Amino acid sequence: MKRRDFLRNTAATSTLIGLGGLSFNSCKGLGSRQITILHTNDVHSHIDPFPTSHSQYANLGGVARRASLVEQIRSENPNTLLLDAGDIFQGTPYFNFYGGELEFKLMSKLKYDAATIGNHDFDNGIDGLLAQVPNATFKLLSANYDFSNTVMNGFVKPYQTYVLDGIKVGVYGIGIKLDGLVTKRLYKETEYLNPFEIALDTERLLKEEEKCDLIICLSHLGYDYQNPDRPSDTQLAQRTHHTDLIIGGHTHTFLDKPDVRINQKGNSVLVNQVGAYGLNLGRIDFYFDEAKNASANGVSISV
Amino acid sequence: MHFYKGNYSIRLLYKDKHVYILKLKQFVAFVTFCLFLSCQQEKGQLTKVQGKQLKIDTSLASVDSISDYIAPFKSRIDQVLDSALAYAPETIPLDDAPHNTSLGNLMADIVFAETSPLFKSTTGKDLDFVVLNRGGIRTIVSKGNVSARNAFEIMPFENYISVVELDGAAVRELIDFLVNATRAHPIAGMQIVLNKNGGLESVDIQGSPFDETRNYYVATSDYLVQGGPSIGFFDEMVNVTDTGYLLRNAIIDHLKKIDTVKAAVDDRFIQLK
């Protein structure tokens, strides 16, 4: 009897403490909830840093160093996603020797959350890509490659959602046209669907059905082309309604800072790309605040 | 714990405490409700975005567990790539003459030597000549030991050897393209002679004058086949045979067979003076 009362008492108290703790964390945090997005693109099997003798990138890059930066940022803000915009494979003998095994294993060790598929990720054929799937703990995302008639069927999702500190984040993948870029022998029956149409469908689904608070596109279309009809990240940004950030790849574009474009609703969309070869890590922080603040001040973007 | 030592006092205390706990529960429920309400209202309004690019440089320490994991993969690669396959007594350059170059000739000759028997055994046909693109050869061979790593540096791309069947008209277009190109695209198995004005003087394929009425088999990089007419080399192709043989592997296989690597500019593509 006594023991039961004591337990009841302690339980109530600890509930209060727990709630007190929760209210302190979440509602104080509500004033500024922070989601950190880290990203790479076109790493192209660059696992080691560039050698000291390299004419352009001496001593830059390297997965083991990237790991320490990611660890440090994650320890500061656990509400972090780590993403890659494709072309993970091809560029050093690591790929030629191990077929992408080490690339995927290391990305898993760094706790990447998702990656999209670049044209070079087909370099060992669709079977070569499938062979590395067991080495990935991260999700492979592509909304506009239809793998139904290939061995990759079921191993690639159009999008993935994550809930971080109560904020729902939707990430979808968009790939480049393979015809003319990759031999048919390699991509086989992979079907490339219109990236603009699929992106609009997917972001609508993420906004309206999945009720995402933050929508991110992982794209391997390329940053910008002279021909506006050629799908690119800048064109895509301007055509969307709900996408907040496009993380790009393919063109190995080194941007001084993320590009800000205006979408169909008149809102800002960030377009970012961090060059290639793991020389840089992109970091975008999203801060969420009370509704009234947002409507009064709009979104302040400092890049 | 000391509350429970005396029986009577415990009963009294316990009664009070029971009420207290009930009140506490009410309070907790209320707070929870408020929190729930406020959290609902305040959910997910984006107010601020900050972006920056972080450089991966020597200021960052390496994570040991990652470096240690990479080490055996790396040492295996180094062991294979750095073992000498052949010896180059002299550096083999890529810019030592206007129309044909030492390294270009070596690469085209290697492709001919390695592809010809393969093509013959799989199709029963004879390879006529080789055309590669100058841009596909990324660096020179330096004097000294030549390793597989050098082959990776020369040919970093995963390009395969394809054999293209061309009719006479398409071969003429290809020759025109080679003659008008600003760079010396490597060839083997054919000789192109220009007159002193730069016009075509003669073309021999496998030692016989070019015959526009017949078809020819040309070994090349699948990159040039996929590129189609827009990159100039091949327009109308009668047929394409994918060998599944990497250009780089042809180089490595060839280097393994020979002791000394030598190459020179010759008369396969020249202009008369």
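Lys211(A) is exposed, with 12 other C-beta atoms within 10 Å. This count comes from a predicted model. Lys211(A) lies in the loop that links helix 7 (195-209) to strand 9 (214-219) of chain A. Its phi is positive, near 55 degrees, and the residue is not glycine.

Asp42(A) sits in the loop between strand 1 and helix 2 of chain A. Phi of Asp42(A) is also positive, near 50 degrees, again in a residue other than glycine. A positive phi, near 60 degrees, is found too at Lys111(A), which follows helix 4 of chain A.

Strand 1 of chain A, on one side of the Asp42(A) loop, belongs to a sheet built from both chains. This open sheet has 7 strands in the order 4(A)-3(A)-2(A)-1(A)-13(A)-1(B)-14(A), and its pairing is mixed. Strand 4 (139-141) and strand 14 (300-302) of chain A form the edges, each pairing on one side only. From one strand to the next the twist averages 20 degrees.

Strand 13 (residues 280-289) of chain A has a partner in each chain. Towards chain A, strand 13 runs antiparallel to strand 1 (residues 33-40), and 7 bridges join the two. Arg33(A) stands opposite Phe288(A) in this pairing. Towards chain B, strand 13 of chain A pairs with strand 1 (residues 45-55) of chain B, antiparallel, over 10 bridges. Here Phe286(A) faces Val49(B) as its opposite residue. Strand 13 of chain A is mostly covered, with 7 of its 10 residues buried. Parallel pairing occurs elsewhere in the sheet. Strand 3 and strand 4 of chain A are parallel and share 3 bridges. Ala115(A) has Leu140(A), in strand 4 of chain A, as its bridge partner. Strands of a sheet pair through backbone hydrogen bonds, whether parallel or antiparallel.

The two chains also meet through helices. The axes of helix 2 of chain A and helix 2 of chain B come within 8 Å and cross at roughly 160 degrees. The two helices are therefore roughly antiparallel, since angles over 145 degrees are classed in that way. The crossing of helix 2 of chain A and helix 2 of chain B is right-handed. On the chain A side, Val63(A), Ala64(A) and Ala67(A) take part; they meet Ile66(B), Ser67(B) and Ile70(B) of chain B. The contact comprises 5 nonpolar residues, 1 polar residue and no charged residues. Residues three or four places apart in an α-helix point the same way, because a turn takes 3.6 residues.

Helix 4 (residues 101-109) of chain A packs against elements of both chains. Its buried residues are Leu102(A), Glu103(A), Phe104(A), Leu106(A) and Met107(A). In chain A, these buried residues pack against helix 2 (63-76), strand 2 (80-84), helix 3 (93-98), strand 3 (114-116) and helix 5 (125-132). In chain B, they pack against helix 2 (64-81).

Chain B has 7 helices and 12 strands. Of its 273 residues, 31% count as buried. Among contacts in chain B with a separation of 6 or more, 79% join residues 24 or more positions apart.

Chain B also contains an open sheet of its own. Its 4 strands follow the order 9-8-7-12, with mixed pairing. Strand 9 (208-209) and strand 12 (269-271) of chain B are the edge strands, each pairing on one side only. Strand 7 (residues 190-194) and strand 12 of chain B pair in the parallel sense over 3 bridges. Ile192(B) stands opposite Phe269(B) in strand 12 of chain B. Helix 5 (residues 168-180) of chain B packs on this sheet and touches strand 7 and strand 8 (200-205). The direction of helix 5 makes about 55 degrees with that of strand 7 of chain B.

Helix 3 (residues 102-123) of chain B holds Lys120(B). Lys120(B) counts as exposed because 12 C-beta neighbours lie inside 10 Å. Leaving aside residues up to four places away in sequence, Lys120(B) touches Lys125(B) and Asp126(B). The C-alpha atoms of Lys120(B) and His99(B) are 29 Å apart, at a distance of 21 residues along the chain.

Key: Residues are numbered from 1 along each chain as its sequence is written. Chains are lettered from A and ligands numbered from 1 in the order in which they are written. This is a predicted model: local features need pLDDT of at least 70, side-chain atom pairs count only at pLDDT 80 or more; totals for chains, interfaces and linings use all residues. A residue is buried if 20 or more other C-beta atoms lie within 10 Å of its own, exposed if 12 or fewer, and partly exposed in between; C-beta atoms are placed from the backbone. Two residues are in contact if their C-beta atoms, placed from the backbone, lie within 7 Å. Two strands pair if DSSP finds at least two bridges between them. Axes are lines fitted to C-alpha atoms, for helices over the stretch in contact, and angles run from 0 to 180 degrees between N-to-C directions. Angles under 35 degrees count as roughly parallel, over 145 as roughly antiparallel, 65 to 115 as roughly perpendicular and the rest as oblique. A crossing is left-handed if the near helix is turned anticlockwise from the far one by less than a right angle, and right-handed if clockwise. Ala, Val, Leu, Ile, Met, Phe, Trp, Tyr, Cys and Pro count as nonpolar, Asp, Glu, Lys and Arg as charged, and the others, Gly among them, as polar.
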